[in-house]
Amino acid sequence: MRPILMKGHERPLTFLKYNRDGDLLFSCAKDHTPTVWFADNGERLGTYRGHNGAVWSCDVSRDSTRLITGSADQTAKLWNVQTGTQLFTFNFDSPARSVDFAIGDKLAVITTDPFMELTSAIHVKRITRDATEQTGESVLVIKGPQGRINRAIWGPLNSTIISAGEDAVIRIWDSETGKLLREADKESGHKKPITSLAKSADGSHFLTGSLDKSAKLWDVRTLTLIKTYVTERPVNAVALSPLLDHVVLGGGQDASAVTTTDHRAGKFEAKFYDKILQEEIGGVKGHFGPINALAFNPDGKSFSSGGEDGYVRLHHFDPDYFNIKI
Amino acid sequence: MATQQTKIRWGELEEDDNEDLDFLLPPRQVIGPDENGIKKVIEYKFNDEGNKVKITTTTRVRKLANARLSKRAVERRSWPKFGDAVREDVGSRLTMVSTEEILLERPRAPGSKVEETKVAGDSLAQLGKGGAVLMVCRTCGKKGDHWTSRCPYKDLAPPAEGFIDKPAASDTATAAAGSGKSTYVPPGMRAGAERSGTDMRRRNDENSVRVTNLSEDTREPDLLELFRPFGAVSRVYVAVDQKTGMSRGFGFVNFVNKEDAQRAINKLNGYGYDNLILRVEWATPRTN
């Protein structure tokens with residue numbers, strides 16, 4: 001395959017997200033402007049100007065009309081997808097890290113980093129249909145875990161919130177009361193900070209990637225460990241194929257150590273694993289730095305990766321890919 | 001009378017440079033896309049000197065995916081650009097198609113599992129002492145992972161002197177090496193040269209089997225399936241036409257062991273496969 005290279009960002013990529021129809025790709029980077037691209041040919045549709053710091057993550061509503069972004073400028077913003085205008089700004093006292101719309105787009109979960117004296121927190125906000133009625137009030141604030149929460153997403157039926165972060169523990173919270181329901185046990189869990197978390201297409205299980213050079217597949221309700229995928233480099237990004245039983249891990253050595261080695265030794269490839277057999281299928285090379293973000297098109301026929309090198313690479317799979325056998 | 005007016009008077013044309021002469025040109029012609037997706041566009045125009053030039057653009061149309069777009073996605077397609085994308089000039093080239101063909105690189109030959117090589121009475125098997133591992137990286141010492149030339153830690157390791165420093169296997173080798181380590185010793189003169197040199201060639205050529213008269217839709221996994229029963233296969237290759245993506249009807253299979261290759265040739269030469277009769281032979285004509 002010949003990947004499409006998109007060089008719209010001047011700084012390392014942080015997050016990638018497809019909309020539900022799979023025709024738009026949203027990219028966030030450490031520069032201040034999230035960007036939207038056409039997911040078929042990689043043409044830039046527009047940028048969302050207004051943040052004043054690195055943008056860590058984003059999420060798009062199911063009808064692709066609204067975008068939410070979380071940024072290091074201590075705000076999370078709601079945007080009109082079509083025009084790029086700001087609809088609302090949620091202000092926090094510390095950088096916003098992860099954002100995720102609930103099923104139905106009536107709620108959003110936003111996590112904030114530990115900052116100065118503040119500990120990290122998970123905020124649940126109500127999203128109104130009409131942007132003019134939007135308020136910044138939190139429905140629920142969960143505090144407790146030590147260290148940064150790198151990712152928080154909604155569980156099935158919006159009844160739970162799953163969080164993972166620097167303390168390497170995956171937690172499931174009740175989204176109504178904020179009570180801690182489950183915690184991944186120390187033995188089977190990750191040993192180092194968890195960098196990424198992705199839900200399967202049907203939402204029955206999720207994948208976490210960690211700096212301990214592994215990715216683990218968990219049941220979303222019972223939080224039991226299903227599979228472990230071991231690699232040679234810290235994992236920064238994970239994605240699950242919605243079409244085949246494949247998982248993709250992206251990573252590479254630490255960004256601070258990148259310049260010390262040749263790019264071949266850095267292992268900056270997206271590694272494909274068989275979800276069930278836990279065996280490596282292959283690798284897709286191309287980035288000149290660690291991969292920070294991965295996303296699968298909802299049709300499972302293409303995927304994109306974002307790297308520390310500032311490039312988004314959009315790969316449409318060759319027909320051979322769909323009949324790979326191990 | 002109107003037609004009379006549009007008729008060109010050549011004398012006038014010569015003088016009048018600014019006039020748009022495009023109507024003089026043959027119309028734009030589009031040929032294809034044919035079954036291989038090759039599309040030709042033939043255009044005519046005047047260059048700066050006023051000469052007529054024919055421009056033929058050949059492009060390959062590829063269907064990337066079955067685009068079954070929702071109504072809303074189609075609508076989004078025509079959304080006006082916004083933000084920084086509005087001022088985007090054509091030359092900015094934010095989006096490019098990679099010139100490099102990137103493949104999903106398989107950790108092993110497709111279809112094969114990690115397997116130990118057969119210990120036969122073959123000199124190759126004896127080479128890997130202990131019999132189990134053939135590949136030993138001289139740079140990092142890892143067994144069975146990669147060849148020395150492919151070592152991912154090549155740049156990290158200190159320059160390897162190991163195989164020069166080693167006590168020479170024979171006196172002739174040292175004599176040829178001359179004044180010691182500081183001088184360049186050609187690979188053929190190094191200790192253990194007679195072994196590595198010949199074995200290297202054996203591995204690359206002699207155990208390579210050429211398969212011709214393959215059917216068009218034979219792929220590498222099919223070939224592997226066909227040849228694997230004869231022994232460990234190190235490489236399978238099917239020649240593919242760059243333009244059409246179809247098989248060109250021949251391929252190569254490399255065996256780890258010579259005997260396996262010979263058996264495969266004996267058995268499969270003249271074998272009917274996909275209603276064609278295969279021709280299987282050594283890839284390089286044998287000297288003996």
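1. A word on the ground rules. The model is predicted, so local features need pLDDT of at least 70 and side-chain atom pairs count only at pLDDT 80 or more, while totals for chains, interfaces and linings use all residues. Residues are numbered from 1 along each chain as its sequence is written, chains are lettered from A in the order in which they are written, and side-chain values use heavy atoms, with hydrogens and water left out.

2. Strands are DSSP runs (E, at least two residues), numbered from the N terminus, and two of them pair if DSSP finds at least two bridges between them. Val30(B) has Val41(B) in S2(B) as its bridge partner. The hairpin of S1(B) and S2(B) has 6 residues between the strands, and Gly32(B) takes a positive phi near 100° there.

3. S2(B) also runs antiparallel to strand S3 of chain B (residues 52–60), joined to S3(B) by 9 bridges.

4. Now to the interface. Contact (heavy atoms within 4.5 Å) involves 54 residues of chain A and 37 residues of chain B. The buried area, meaning the accessible area (1.4 Å probe) that two parts lose on being put together, summed over both, is about 4,100 Å² between chain A and chain B, with carbon and sulfur atoms giving 49%.

5. Which residue of chain B forms a salt bridge with Asp23(A)? The partner is Arg76(B), with the closest N and O atoms 2.9 Å apart. The rule for a salt bridge (a side-chain nitrogen of Lys or Arg within 4 Å of a carboxyl oxygen of Asp or Glu) finds 7 across the interface of chain A and chain B. Among the elements that give two or more residues to the side of chain A that touches chain B are strand S1 (4–6), strand S25 (280–284) and strand S28 (312–316) of chain A. S25(A) gives the largest share, 5 residues.

6. Strand pairing crosses between the chains too: S1(A) and strand S4 of chain B (residues 95–97) run antiparallel, joined by 3 bridges. Met6(A) stands opposite Thr95(B) in S4(B).

Terms used
Helix = DSSP H or I, 4+ residues; strand = E, 2+ residues; numbered from the N terminus.
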